Amino acid sequence: MIYLETPKKHRALVDQVHQVAMNMLRPVSRKYDLAEHEYPKELDMLAAMADGLNESGASEGAGATGVRRSSDDDTSNKNGSNMASALSVAEMCWGDTGLTLGMPRQGLGNSAIASVATDAQLEKFKGTWASMAITEPSFGSDSSAITTTAKKDGDAYIINGEKIFVTSGERSDSIVVWATLDKSLGKAAIKSFVVTKDMPGVKVERLEHKLGIRASDTAVITFTDVRVPAENLLGNPEINVQEGFAGAMATFDNTRPLVAAMAVGCARASLDLTRDLLAQAGVEIDYDKPAHLQHAAAAKFLQLEADWEGAQLLTLQAAWMADNKKPNSLEASMSKAKAGRVGSDVTLSCVELCTGIGYSESELLEKWARDSKILDIFEGTQQIQQLIVARRVLGLSSSELR
């Protein structure tokens, strides 16, 4: 049986986060879209609130660290932390996607640490604000093409390389850097390292000017002979050729549903506002009447809303599977592919439905259309997700289906 309502245990949290999104993020959304690269000081207070909720347990495990999966003999993650994280991030992005991405200590790097770190590492890096550095100038979505190197040198690794499109790359205090231990061993040699910004050789080269999510800084970072303690290699340092890329990809199984949730939240913001603007224009949405018998704008809106619900359910399914220790690589990619595409379609279609108002800066519709596009690109593009889904469904390897 499928339950379409928000789980009762999460409703209070979702309502609370929605109030934060509405009263704290929405009012400054346009301000920081126009003031690209200016640090949103309001986020410091929000981050402190999130830290307090996490310490008290009131957050129900939501947040970047909520994606951690327990071992087989530990049932702690059955409290629904992945579901809580997905639901809360969707609400935050209903407020503003760029500001959500810029939340201190809630970055994708923090989720990566939570996904693969040992218990000792999790304690060591507690409280850090981590960005995640995967993409390089020579490749985009094919993470297996990483050329950044990590060479063992005594009790440390020496990291050299360049990373681009690092979200929160300037503001974070540490970076989860994906690098290869031995290029000749292929994907299996790719590991992730926590590199702190104060290590010699780490340099933020520049910040990007972007179409959307302007409240979030996106950086180019170079690593020149950066000496990183061996214990900062996340997870298992051994190279298992049989396992291949599976260990590194486990991070994506946890983070892709969160990106899908971001797209779901941003799209819902567009739908909510568009419904109100259509009503003001005399176009009412009748849920008890066939779409083809209604105003063309109402029919289009109903189609968009149906697509949105499909994306939402796939996202929640992927999060639920993670909470229940079920392999969700297929569902994580399905949710990311569906939500990314639907997010772009919904936000752009809402701009069209609202015509001049949708295209102008008098409302946030045009901004949400710009913000949403990145959610179909980072953490694996639409095309990459479809390729992964095809491999899983057909039972083919990456070498068999490219």
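Me: Hi! How far apart are the mean positions of the positive and negative charges of the protein?
Reply: They are 3 Å apart, taking the 42 positive and 53 negative charges of the protein. Keep in mind that this is a predicted model.

Me: Thanks. How many helices and strands are there?
Reply: The secondary structure comes to 12 helices and 7 strands. The radius of gyration is 21 Å, close to the 21 Å that the globule rule gives for 402 residues, so the protein is as compact as a globular protein of that length.

Me: And what does the C-alpha trace span along its principal axes?
Reply: About 70 × 45 × 45 Å.

Me: What share of the residues is buried?
Reply: Of the 402 residues, 54% count as buried. As for the accessible surface, it comes to about 17,600 Å², and carbon and sulfur atoms account for 55% of that.

Me: Let's look at one helix. Is α3 mostly covered or uncovered?
Reply: Helix α3 is mostly covered, with 15 of its 15 residues buried. It runs over residues 81–95, and at 1.5 Å a residue it should span 21 Å; the end C-alpha atoms are 21 Å apart, which agrees.

Me: New topic: where is S29 found?
Reply: S29 is in helix α1, which covers residues 11–34.

Me: Is S29 buried or exposed, and why?
Reply: S29 is buried, because its relative accessible area is 1%, and the cut-off for buried is under 20%.

Me: Which residues does S29 touch?
Reply: Leaving out residues up to four places away in sequence, S29 touches G95, D96, L99, L364 and K367.

Technical notes:
Residues numbered from 1 in each chain as written. Predicted model: local features only at pLDDT ≥ 70, side-chain atom pairs only at ≥ 80, totals over all residues. Heavy atoms only, no water. Helix = DSSP H or I, 4+ residues; strand = E, 2+ residues; numbered from the N terminus. Rg over C-alpha atoms; globule rule 2.2 N^0.38 Å. Buried < 20%, exposed > 50% of the residue type's maximum accessible area, 1.4 Å probe, protein only. Areas by Shrake-Rupley, 256 points an atom, 1.4 Å probe, with all protein chains shown as cover. Lys, Arg positive; Asp, Glu negative; His and termini not counted. Charge placed at Lys NZ, Arg CZ, Asp CG, Glu CD. Expected span 1.5 Å × (residues − 1). Contact = heavy atoms within 4.5 Å.
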